[in-house]
Amino acid sequence: MAQKISAAITAVGGYVPEYRLTNKELETMVDTNDEWIKSRTGVEERRILKGEGKATSDLGAPAVMDLIQKRGIDPLEIDCIICCTVTPDMFFPATANIISEKVGAKNAFSFDLGAACSGFLFGLTTGAAFVESGRYKKVIVVGADKMSAITDYSDRTTCILFGDGAGAVLLEPGEDGFGVLDSNLKSDGTGGKYLHMKAGGSLRPASPETLAAKEHFIFQEGPSVFKFAVTGMADVAYELVKRNNLTGDDIAWLVPHQANKRIIDATANRMGVPTEKVMLNIMRYGNTTSGTIPLCLWDWEKQLKKGDNLVLAAFGGGFTWGATLVKWAYDPKN
Ligand code: UT7
């Protein structure tokens with residue numbers, strides 16, 4: 001029987017822009033306050049990509065470059081780049097193509113994948129399957145979003161939540177039993193009405209009316225999304241852990257999508273994972289959509305050890321949600 005190929009994460013890269021939009025600054029823009037934002041969401045500041053002509057690929061490309069340099073590979077060795085995003089530079093070409101060009105990955109095929117806040121997990125599962133097939137040896141999955149491009153800074157219910165950033169992982173064939181081991185991914189189109197962008201697509205192309213109605217921004221019915229997210233994210237993560245015969249004690253790290261600290265706490269509780277094993281950077285970056293999970297891996301990379309069980313979990317627009325079990329494949333490098 002042919003040996004099963006597993007897909008290991010072998011490097012992590014990340015990038016956040018310099019500008020920090022603090023709760024204090026938001027207080028000058030909308031009717032809100034630092035205390036409300038911190039207690040209801042956990043966010044203290046978020047990064048914003050400023051400057052003319054800057055787009056999501058300007059977040060994704062430095063994240064990918066960071067990873068290429070850390071792993072010490074030639075960009076020409078990369079087989080594929082998948083960019084998970086809801087804020088592509090433009091409808092087409094794919095932002096992944098633009099990133100490939102910016103990092104010099106001339107031999108890679110590249111495409112975008114859209115699954116809102118679950119994008120990175122859907123992309124990771126897709127990229128891992130490419131490696132497991134034996135056909136590709138170096139696949140990069142980058143989650144990148146310039147959420148500030150679709151955020152209405154006069155809407156206090158959304159503008160406090162989102163930020164810009166990107167994180168990336170490299171997948172390579174690895175030792176058996178290490179890498180992306182299992183995924184439990186879900187979609188339910190009935191949830192679309194609670195979280196979407198109304199115009200700009202083929203349904204409602206941009207027009208003076210769509211602009212006047214502010215339909216090119218994130219629309220979210222926060223409490224409805226919260227209700228589904230708080231049970232949905234915990235359910236898939238719990239199921240995943242159970243079907244792999246693990247318990248909370250076996251989990252080294254919970255790596256949750258960073259949408260709301262209260263949703264993260266509920267997931268950790270349900271899984272029996274204590275706070276000190278939960279990656280939390282929502283206070284510094286807010287919700288960067290596809291960027292949240294790989295940015296956690298980037299921030300915590302130096303603390304991750306070979307053999308650690310990581311549960312990655314997300315919930316977002318669509319609805320889409322899911323959880324992925326990863327056995328970390330390398331010890332920290334100095
Ligand atoms: O990543 C994609 C998935 N998205 C999510 O998972 C987000 C899920 N939803 C949430 O995280 C929360 O619903 C929000 C953070 C968006 C909102 O928090 P909430 O506790 O659900 O607040 P709410 O919308 O029920 O509003 C409570 C009150 C309202 O005032 P009244 O009607 O009680 O007088 C709001 O008008 O808080 C008010 N409010 C604010 N007050 C100060 C809403 N936004 C703000 C604000 N500052 N920024």
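This is a predicted model: local features need pLDDT of at least 70, side-chain atom pairs count only at pLDDT 80 or more; totals for chains, interfaces and linings use all residues.
View 1. Of the 334 residues, 54% count as buried.

**View 2. Overall fold of the protein chain.** The chain is built from 10 helices and 13 strands. Its radius of gyration is 19 Å, close to the 20 Å that the globule rule gives for 334 residues, so the chain is as compact as a globular protein of that length. The C-alpha trace spans about 60 × 45 × 40 Å along its principal axes. Among contacts between residues at least 6 apart in sequence, 77% join residues that are at least 24 apart.

**View 3. Thr 324 in strand β13.** Thr 324 belongs to strand β13, which runs over residues 320–327. With a relative accessible area of 0%, Thr 324 falls under the 20% cut-off and is therefore buried.

**View 4. Contacts made by Thr 324.** The side chain of Thr 324 makes a polar contact with the side chain of Ser 183, at 2.9 Å. When neighbours within four places in sequence are left aside, the residues in contact with Thr 324 include Leu 121, Leu 124 and Thr 125, together with Val 180, Asp 182, Ser 183 and Leu 185. Leu 240 is also in contact with Thr 324, as are Leu 310, Val 311 and Leu 312.

Conventions: Residues are numbered from 1 along each chain as its sequence is written. Side-chain values use heavy atoms; hydrogens and water are left out. Helices (H or I, at least four residues) and strands (E, at least two) are DSSP runs, numbered from the N terminus. The radius of gyration is taken over C-alpha atoms; the globule rule is 2.2 Å times the number of residues to the power 0.38. Buried means under 20% relative accessible area, exposed over 50%, partly exposed in between (1.4 Å probe, protein chains only). Contact means heavy atoms within 4.5 Å. A polar contact is a pair of N or O atoms within 3.5 Å; within protein, one must be able to donate a hydrogen and the other to accept it, and residues adjacent in sequence count only if both atoms are side-chain atoms.
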